[in-house]
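Please look over the sequence and the model before reading on.

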Amino acid sequence: MSTIDLNFEEELKTFCENTALACFNCGTCTAVCPLVNDNFPRKMIRYIQVGAKDAILENANELYKCLHCGLCTHTCPRQADPGEIILGLKRFVVANWRRS
Amino acid sequence: MMKENDKKVGVYICYCGGNISDHVDVEAVRNRVEKMPGVAVAKTNMFMCSDPGQELIIDDLKSGKIDRVVVASCAPSLHETTFRGAIERAGANPFIYEHANIREQVSWVHHGDPATDKATVLISAAAAKARKLKPLEPIRVDAKKHAVVIGGGIAGIKSALEIARNGIEVAIIEKTGSLGGNLNNLGRLAPSGENASDILQEILGKVKAAPSITIHTGCEVTDVQGYVGNFTLDVKGRTDSFKIDTGAIVMATGSVSYQPFEGEFGFGTYPQVITLPTLIEALKQSKYQTETGWFEFGGKPVRNIAMIHCVGSRQIPGIHEPRENGQLNEYCSRTCCSAVLNAANQIKERFAKTRVVDMYRDIRTYGRGQEALYDRASANKVVFMRYEADAMPTVEKSSTPDFPLTVKIKDGLTFNEEMDVPADLVVLATGIEPSDVSGLASAMKLPVGTDRFLLEVHPKLRPVEFPVAGVFLAGTCQAPMDAGEACNAAGAAAAKTCALLSKGVIELDPFVAEVNPDKCQGHGNCVDACIKEGALKLVDVQRGGKTVTQAQVTAAMCLGCGACAAVCPEKAIDLNGWALEQYEDMVDAIVAA
Ligand SMILES: Cc1cc2nc3c(=O)[nH]c(=O)nc-3n(C[C@H](O)[C@H](O)[C@H](O)COP(=O)(O)OP(=O)(O)OC[C@H]3O[C@@H](n4cnc5c(N)ncnc54)[C@H](O)[C@@H]3O)c2cc1C
Ligand code: SF4
Ligand code: SF4
Ligand code: SF4
Ligand code: SF4
């Protein structure tokens with residue numbers, strides 16, 4: 001159970017282009033991602049959309065598996081740029097790590 | 001007069017360019033049919049509907065070789081009228097014709113010997129029936145060049161305008177005090193963004209300028225008598241009652257917005273839970289922008305809006321609570337997805353700070369220009385969430401002081417995680433329900449679907465007609481549709497009305513009941529069995545110097561159903577073109593074949 005935070009998407013602006021809301025959750029990025037990980041990277045994009053900040057921090061280790069191969073960004077039909085978002089989330093995680 | 005057994009039947013069997021002959025051995029069928037009693041000639045052709053095919057029939061009729069015709073080919077809905085026309089061109093009566101369908105009912109569904117055998121059987125039955133066909137005359141009734149449109153929404157207005165444009169007088173009967181229907185309640189319309197009031201102004205201006213349109217507002221039709229071309233309507237106004245004589249009727253009684261029940265998604269419990277029409281009205285009343293940058297409702301800024309789709313639509317037995325009358329709206333209302341996204345876009349584009357969460361079961365932006373509304377909503381940063389019918393979102397009082405309400409949702413897009421969505425306003429995308437016209441429908445014997453919408457003859461082939469001749473339908477009284485689709489239907493219903501009334505006379509098929517005055521004893525069983533009020537009655541007639549009671553058919557009203565023929569103990573009433581004797585002969589022929 002988490003309470004959604006619609007301001008989070010704004011907050012992320014300092015770390016990357018805020019293209020997350022362009023995503024319509026098709027899952028293409030997850031299908032092409034060589035990591036074959038549970039819903040990655042769509043999961044992270046979705047967490048941004050609903051502002052599930054804690055969920056992102058809790059699952060931060062997943063971000064560091066990304067190879068930055070760029071396949072997801074290349075195939076995304078909505079130009080949501082998932083690869084760039086993953087990079088941005090790393091910056092966000094670094095900035096927020098063990099802050100609280 | 002010749003005895004029936006002397007009738008000379010011509011049988012013409014079609015190859016349909018291989019469509020039939022690939023599976024039915026047409027020549028073998030011809031050889032068998034030729035030997036049947038009453039068959040004078042049996043011929044085949046590659047395409048019976050072609051000119052050379054039709055010439056075969058015409059030549060044989062003219063030379064006197066035959067006087068009854070059977071064509072075995074495709075479904076009669078395609079070419080029955082073609083072949084009746086050929087018979088007329090040969091100078092004969094078009095009703096000496098019988099059709100055997102050996103394509104849809106044979107070659108398209110059977111193969112090899114069974115196909116050939118079934119074709120033989122169907123043709124033998126048709127030939128046996130043809131021997132007892134009588135020449136008939138179409139029933140001609142005078143038709144009043146006047147139409148009544150019931151319901152003055154956009155569908156009613158549009159059909160009235162089109163009918164009037166063709167020189168036929170129209171009366172619009174509207175229940176409320178003004179025309180326009182639900183468009184009076186709408187603002188910017190999906191998908192084009194035009195103002196509903198601009199559209200109404202334009203068409204109402206045309207109505208005012210059309211001298212042949214009479215408008216009766218505040219009026220309802222209480223009864224309908226008569227038949228195609230000659231209806232009489234009883235109309236009750238607020239202060240007076242009057243009658244209108246008319247030739248045709250267009251039903252355009254439209255629909256109403258679904259009213260949620262007390263407690264449905266917190267409706268009625270929390271003042272912050274409103275319906276889509278209430279939001280549309282608030283957007284219409286609101287200043288274009290606010291100083292705070294937030295959309296304001298009830299004087300308060302709205303930070304988060306949650307919108308819930310499919311309220312009162314797509315209900316599933318066993319999951320949704322039926323109404324007291326047991327009714328569930330299992331259909332999709334079709335307009336709410338676009339209308340709700342349209343409203344979301346207006347909010348995001350006018351009040352950028354307000355956040356919108358759109359909770360859908362499916363997004364059904366099916367029409368031209370509608371998907372663009374969804375794309376625009378995405379670009380406007382509307383957050384979408386998806387719920388399943390068996391796990392509906394719930395609306396609760398918020399446990400924190402920040403927001404008045406919390407919508408709890410099991411979100412399919414977030415891996416079915418439970419989410420709390422804090423909201424200042426919850427909008428229920430309520431659907432469409434048909435206006436209650438049960439009284440009118442039963443007075444006019446109009447079919448009503450299990451979903452309570454009025455039911456056309458056939459959804460594709462006769463989409464704006466009722467089985468009751470001279471009565472048409474248009475707009476959301478038939479099914480949920482948007483204003484553009486309602487206008488399409490209205491144009492079609494108007495065209496049908498004009499085609500029916502323009503000549504001033506209507507020809508009807510003569511396949512109706514006929515009483516044999518030599519046999520009828522006036523038992524009246526037929527009158528009790530008759531399903532069409534006014535088609536059959538008992539009257540006193542003079543016979544052999546005595547007054548006797550006998551049944552009398554009003555041909556223009558008879559449906560030709562045969563309910564009367566089935567119950568008459570004297571076999572005194574029968575159907576022209578479909579007599580009991582003919583059925584008996586068909587059965588004999590089937591057994592013999
Ligand atoms: C919330 C909502 C939003 C919508 N948004 C859009 C949109 O954005 N774009 C769009 O294209 N469409 C939209 N629609 C659909 C649109 O409203 C309908 O397509 C349109 O109103 C249908 O017109 P109609 O003439 O069939 O019916 P109606 O508009 O319902 O008119 C029927 C008329 O018949 C009258 N009537 C009813 N019974 C009787 C009777 N017994 N005797 C006499 N008169 C009677 C009624 O009073 C009414 O005036 C929306 C609908 C809803 C509910
Ligand atoms: S960039 Fe990262 S998330 Fe995208 S496909 Fe490659 S590994 Fe997967
Ligand atoms: S491919 Fe693009 S649109 Fe599809 S889920 Fe991934 S980020 Fe979203
Ligand atoms: S149009 Fe959309 S909101 Fe309306 S009933 Fe259909 S799916 Fe539900
Ligand atoms: S055929 Fe049907 S409608 Fe016609 S008189 Fe007989 S029962 Fe009535």
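Predicted model: local features only at pLDDT ≥ 70, side-chain atom pairs only at ≥ 80, totals over all residues.

## Salt bridges

Side chains of opposite charge can pair when their charged atoms come close. Across the interface of chain A and chain B the rule finds 3 salt bridges. Arg46(A) and Asp411(B) form a salt bridge, in which the closest N and O atoms are 2.7 Å apart.

Another pair is found within chain B, where the side chains of Glu34(B) and Arg30(B) meet in a salt bridge with an N to O distance of 3.2 Å. Both residues belong to helix α1 of chain B, which covers residues 26-34, and they are 4 residues apart, about one turn of the helix.

## The interface between the chains

The size of an interface is often given as the accessible area lost when the parts come together. Between chain A and chain B the buried area is about 1,900 Å², and carbon and sulfur atoms give 55% of that area. In terms of residues, 20 from chain A are in contact with 22 from chain B.

Between the two chains, 14 residue pairs are in polar contact, counting pairs with both residues at pLDDT 80 or more. On the side of chain A that touches chain B, at least two residues each are supplied by β1 (2-3), α1 (8-11) and α3 (42-50) of chain A. Of the elements on this side, α3(A) gives the most, with 6 residues. The residues of this side of chain A divide into 7 nonpolar, 7 polar and 6 charged.

## A sheet built from both chains

Strands of a sheet pair through backbone hydrogen bonds, either parallel or antiparallel. An open sheet of 4 strands runs in the order β1(A)-β22(B)-β21(B)-β20(B), and its pairing is mixed. Because β1 of chain A and β20 (394-397) of chain B stand at the edges with a single partner strand each, one side of each is left without a neighbour in the sheet.

Strand β1(A) pairs with β22(B), residues 417-423, in the parallel sense over 2 bridges, and here Ser2(A) has Met419(B) as its bridge partner. Strand β21(B), residues 405-411, pairs with β22(B) in the antiparallel sense over 7 bridges, with Thr406(B) standing opposite Pro422(B).

## Domains and a hairpin in chain B

Chain B is divided into domain 1 (1-136), domain 2 (146-254 + 435-506), domain 3 (264-431) and domain 4 (512-575). The C-alpha centres of domain 3 and domain 4 of chain B lie 60 Å apart.

Strands β10 (residues 230-236) and β11 (residues 241-246) of chain B pair in the antiparallel sense over 6 bridges. These two strands, β10(B) and β11(B), form a hairpin with 4 residues between them, and Phe231(B) has Thr246(B) in β11(B) as its bridge partner.

## Backbone details

A cis peptide bond joins Phe40(A) and Pro41(A), with omega about 5°, and Pro41(A) is found in the loop between α2 (28-32) and α3 of chain A. In chain B, the peptide bond from Ala190(B) to Pro191(B) is cis with omega near -5°, and Pro191(B) lies in the loop between β7 (169-174) and α7 (196-209).

Arg314(B), a residue other than glycine, has a positive phi near 50°, and Arg314(B) is found in the loop between β17 (304-311) and α9 (336-350) of chain B.

Definitions and conventions:
Residues numbered from 1 in each chain as written. Chains lettered and ligands numbered in written order. Heavy atoms only, no water. Contact = heavy atoms within 4.5 Å. Buried area = accessible area lost by both parts, 1.4 Å probe. Salt bridge = Lys/Arg side-chain N within 4 Å of Asp/Glu carboxyl O. Polar contact = N/O pair within 3.5 Å; in protein donor to acceptor, adjacent residues only side chain to side chain. Nonpolar A, V, L, I, M, F, W, Y, C, P; charged D, E, K, R; others polar. Pairing = 2+ DSSP bridges. Domains from an automatic or database assignment.
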